[in-house]
Amino acid sequence: MIEDFSYGVYSQYSFMITFIVMALTYIINVYPLYVMTKKANLKNNWIAWIPVLNVIKLFNLAGMSGWFIILTFIPVIGAIVSIIAIYRVFSNFGIGIIGCILGIIFSFIGFWYLALSSRRFVANINPNYTKY
């Protein structure tokens, strides 16, 4: 009686493919934030690559303290704080009210627009928020 253990090879390949797809998805989502932090001359831009800490840099781009990350764990309040932060990020790059609303709805596309466009960061951020 010969047993076939070839299914183990397929599971290894599927794990590798899943890992590669997840890594590429993460890079595609985080790269615009990294570029925006560089445009805003924030210190420690590399923090944008760390999964939970990158939200702190998003709040810094909005001119908000990184401590607001605690509020994001409260269901309704977290959604409101996130919407305010995204609105302020777009307005800090000089986007008008309609663009900010569209940026909130289509934030993935909006962040890529801010990262790839020649838009400059026009807001003055408290220097304490530019430190980690």
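This is a predicted model: local features need pLDDT of at least 70, side-chain atom pairs count only at pLDDT 80 or more; totals for chains, interfaces and linings use all residues.

Trainee: Which residues line the largest pocket, and which helix gives the most to the lining?
Mentor: The lining consists of Tyr26, Asn29, Val30, Pro32, Leu33, Asn54, Ile86, Ser107, Phe108 and Phe111. Two elements give two or more residues each, helix H1 (7-39) and helix H5 (107-116). Five residues come from the helix that gives the most, and that is H1.

Trainee: How many nonpolar, polar and charged residues are in that lining, and how much space lies in the pocket?
Mentor: By class, the lining of the largest pocket has seven nonpolar and three polar residues, with no charged ones. The space in the largest pocket is about 220 Å³.

Trainee: How many aromatic pairs are there, and is the pair of Tyr31 and Trp112 stacked or tilted?
Mentor: The count is six aromatic pairs. For Tyr31 and Trp112, the ring centres are 5.8 Å apart. Stacked needs planes under 30 degrees apart, and edge-to-face needs over 60. These planes are at 35 degrees, so the pair is tilted.

Trainee: How far apart in sequence are the parts that Tyr31 and Trp112 tie together?
Mentor: Tyr31 is partly exposed at 35% relative accessible area, and Trp112 is partly exposed at 22%. Ring pairs link both into a cluster with Tyr34 and Trp49. Tyr31 lies in helix H1 and Trp112 in helix H5, so the pair ties together parts that are 81 residues apart in sequence.

Trainee: Is the pair of Phe90 and Phe111 stacked or tilted?
Mentor: Phe90 lies in helix H3 (residues 75-92) and Phe111 in helix H5, so this pair ties together parts 21 residues apart in sequence. The ring centres of Phe90 and Phe111 are 5.6 Å apart. Their planes are at 15 degrees, so the pair is stacked.

Trainee: Are Phe90 and Phe111 buried or exposed?
Mentor: The cut-off for buried is under 20% relative accessible area. Phe90 has 2%, and Phe111 has 16%. Phe90 is therefore buried, and Phe111 is likewise buried.

Trainee: What does Phe90 touch, leaving out residues up to four places away in sequence?
Mentor: Phe90 is one of the core residues that touch the most other members. With sequence neighbours up to four places away left out, Phe90 touches Ile95, Cys100, Gly103, Ile104, Gly110, Phe111 and Leu114.

Trainee: How many residues of H2 are buried?
Mentor: The buried residues of H2 are Asn54, Ile56, Lys57, Leu58, Phe59, Asn60 and Leu61. The helix H2 is mostly covered, and the number buried is seven of its eight residues.

Notes: Residues are numbered from 1 along each chain as its sequence is written. Side-chain values use heavy atoms; hydrogens and water are left out. On a 1 Å grid over the protein atoms alone, a cavity is a set of points where a 1.4 Å probe fits but cannot get out, and a pocket is an open set with protein on both sides within 12 Å along at least five of seven lines; lining residues have an atom within 4 Å of a point. Grid points are joined across faces, edges and corners, and a volume is the space filled by probe spheres set on the points. Helices (H or I, at least four residues) and strands (E, at least two) are DSSP runs, numbered from the N terminus. Ala, Val, Leu, Ile, Met, Phe, Trp, Tyr, Cys and Pro count as nonpolar, Asp, Glu, Lys and Arg as charged, and the others, Gly among them, as polar. Rings of Phe, Tyr and Trp (its six-membered ring) pair if their centres lie within 6.5 Å; planes under 30 degrees apart count as stacked, over 60 as edge-to-face and the rest as tilted. Buried means under 20% relative accessible area, exposed over 50%, partly exposed in between (1.4 Å probe, protein chains only). A nonpolar core is a set of buried Ala, Val, Leu, Ile, Met, Phe, Trp, Tyr and Cys residues joined through side-chain atoms within 4.5 Å. Contact means heavy atoms within 4.5 Å.
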